[in-house]
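Subject: Structure handover and notes

Hello,

Please find the structure below, followed by notes on what was found in it.

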Amino acid sequence: MEYLLAQVGIAVFAMSGVLSATRQRLDIFSIVVVGLLTAVGGGTLRDVILDVPVFWLVDLTAFWVALGASFLTFIGIRFILRLPPRMLSYLDAMGVALFSIQAIDQALALGYPAAVAVVMGLVTSIAGGIVRDVVTNRPTLLLSREFYATPILLGGILYVLLIQLVPSPVIRLIAMGAIFVMRAIAIRWRLCLPLQLTLKIDQLDLTELNGEKR
Amino acid sequence: MEYLLAQVGIAVFAMSGVLSATRQRLDIFSIVVVGLLTAVGGGTLRDVILDVPVFWLVDLTAFWVALGASFLTFIGIRFILRLPPRMLSYLDAMGVALFSIQAIDQALALGYPAAVAVVMGLVTSIAGGIVRDVVTNRPTLLLSREFYATPILLGGILYVLLIQLVPSPVIRLIAMGAIFVMRAIAIRWRLCLPLQLTLKIDQLDLTELNGEKR
Amino acid sequence: MEYLLAQVGIAVFAMSGVLSATRQRLDIFSIVVVGLLTAVGGGTLRDVILDVPVFWLVDLTAFWVALGASFLTFIGIRFILRLPPRMLSYLDAMGVALFSIQAIDQALALGYPAAVAVVMGLVTSIAGGIVRDVVTNRPTLLLSREFYATPILLGGILYVLLIQLVPSPVIRLIAMGAIFVMRAIAIRWRLCLPLQLTLKIDQLDLTELNGEKR
């Protein structure tokens with residue numbers, strides 16, 4: 001069941017990469033490369049940092065799912081554009097909820113502290129999207145005020161706190177559900193954090209730091 | 001012979017990095033850094049993903065060739081600009097043909113399936129160029145409709161199919177030749193894939209997916 | 001003492017990430033993610049390339065310092081903006097001087113040749129800043145003519161040359177001091193390399209190379 005959900009998550013990530021790539025006129029191979037990068041990028045970075053074998057080299061299923069989903073999205077683009085866009089967002093939210101909790105489990109099982117595990121959950125779920133935005137030349141998802149990284153962080157923190165108190169599989173489901181529900185609410189009502197928790201500075205005199213370009 | 005060709009490929013990659021960096025007024029050290037990144041970026045990513053020692057840490061020749069080529073390009077830029085631009089493109093096509101087939105061999109020798117090997121061939125030949133475009137703030141080569149990733153993919157698929165039927169060094173040469181010829185044709189006649197194999201969507205209602213910025 | 005300085009360096013890197021992220025209106029979590037990426041990105045890349053355990057997985061202190069500094073910068077932004085901006089630049093220069101020499105030591109201790117060690121020093125000190133610029137959608141620091149990468153390179157070369165002649169801890173301090181002083185001079189008088197050592201080309205006919213977009 002969870003394995004199946006993970007494949008759905010991979011497929012939705014690949015679709016989001018393909019959809020993002022179609023803003024420019026790209027050929028089918030470049031589009032499929034962007035789809036692949038988006039789908040497996042986050043997990044690859046996690047595995048490289050943790051120095052474990054890269055997941056899609058171990059189990060090729062994820063690779064084929066990402067490839068197949070990218071191709072099918074390219075071919076069936078007219079059909080996909082007629083889907084309610086929020087349906088894709090909800091599927092994406094499912095993938096994100098699942099992948100972040102799975103990554104946290106993996107890091108905890110390798111003996112890493114809870115804080116590292118939460119970061120690994122975040123890396124796994126958002127790095128693919130950041131790579132997608134960078135290679136397709138768009139503002140990265142970190143630059144959006146949308147409630148995207150926050151549910152993953154909050155859900156991850158909730159999970160590592162609860163799992164130490166009650167080491168039960170139910171906690172996993174609750175944490176995944178919490179991330180999904182937070183994302184779903186954000187998608188449905190276009191939520192973002194209140195302005196007090198955001199920051200924007202227009203002053204120019206901070207351009208000095210760390211070799212930044214003037 | 002092949003070793004020599006690989007060094008030529010590295011040098012041409014470094015040159016392409018330097019030429020790309022000269023669109024902004026950069027100083028010599030930044031330019032050399034971009035040249036190095038372009039030359040060794042793809043192979044480094046391949047080695048990190050496959051978890052083998054990074055190639056330019058094992059054999060420093062590639063490192064020195066990349067460094068030297070970057071410096072020489074900086075110094076001899078007036079001379080290089082007088083070369084026919086297609087000459088550089090043909091040398092680049094040679095490097096790409098060689099590196100992708102070498103990476104496929106490496107992945108197959110490590111026991112990875114053919115599909116992974118083909119992806120590794122692609123990663124090795126294009127990741128350096130993508131990094132070059134990202135750090136010099138330009139649209140990545142994936143966003144170009146040019147026939148660049150496609151010959152590598154097609155040649156790689158051809159290679160892994162044929163090498164299983166006829167495990168002969170001749171197959172290697174044929175595959176490299178096929179990639180080079182496809183690239184050369186694309187360079188000579190500015191080929192790209194027919195429009196039916198490309199995709200571009202102007203609708204705005206797909207911006208919902210995966211935390212993309214509105 | 002050196003350990004303490006390293007934590008200061010990490011904290012300043014995180015601050016520079018946060019300050020860079022505040023140009024767009026981001027929420028606190030995205031900002032903290034950018035801070036973290038900036039602070040640990042360079043060291044992470046170095047460790048992945050050298051195939052040693054990633055430093056912030058080994059010693060969590062750096063991780064907590066980066067996290068704490070990001071949060072405090074977010075909260076205390078009004079206070080930080082009233083600091084003299086050059087103070088942050090000088091702290092950054094200290095971090096850069098320290099991290100590059102430490103990375104060189106690490107690479108030399110692993111048996112790598114001096115040239116590789118110098119590159120590792122550079123990777124460690126600038127990769128975080130490049131990632132920061134890429135995810136916040138700004139021109140990377142490599143595109144600046146500011147004297148940023150150059151002091152690190154020159155100081156690193158000086159260090160590996162001297163340490164082979166006189167293997168003494170004093171050499172370390174001299175090399176760190178040299179990098180810091182070069183950076184400090186650049187910050188104070190806005191130095192950059194003379195025009196003869198820079199390059200900018202406006203001709204369009206070099207767009208052919210390596211699949212670059214027309």
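Helices (H or I, at least four residues) and strands (E, at least two) are taken as DSSP runs, numbered from the N terminus. This is a predicted model, in which local features need pLDDT of at least 70 and side-chain atom pairs count only at pLDDT 80 or more, while totals for chains, interfaces and linings use all residues. Residues are numbered from 1 along each chain as its sequence is written, and chains are lettered from A and ligands numbered from 1 in the order in which they are written.

Chain A, Gly129. A:Gly129 sits in helix α7 (residues 114-135) of chain A. A residue is called buried if 20 or more other C-beta atoms lie within 10 Å of its own, exposed if 12 or fewer, and partly exposed in between, with C-beta atoms placed from the backbone. A:Gly129 is buried because 27 other C-beta atoms lie within 10 Å. Its C-alpha atom is separated by 14 Å from that of A:Ile31, 98 residues apart along the chain.

Chain B, helix α4. This helix (residues 60-75) has 16 residues, so at 1.5 Å a residue it should span 22 Å, and its end C-alpha atoms are 23 Å apart, which agrees. The expected span is 1.5 Å times one less than the number of residues. The buried residues of α4(B) are B:Ala62, B:Phe63, B:Val65, B:Ala66, B:Ala69, B:Ser70, B:Thr73 and B:Phe74. Seen down the axis, they fall within an arc of 165 degrees (taken from the directions from the helix axis to the C-beta atoms), so they line one face of the helix. An α-helix has 3.6 residues a turn, so residues three or four places apart point the same way.

Positive phi. Most residues other than glycine have a negative phi. A:Asp51 has a phi near 55 degrees and lies in the loop between α2 (28-50) and α3 (55-58) of chain A. With 15 other C-beta atoms within 10 Å, A:Asp51 is partly exposed. C:Asn137 has a phi of about 65 degrees and is found in the loop between α7 (114-135) and α8 (149-165) of chain C. C:Asn137 is partly exposed, with 18 other C-beta atoms within 10 Å.

Regards
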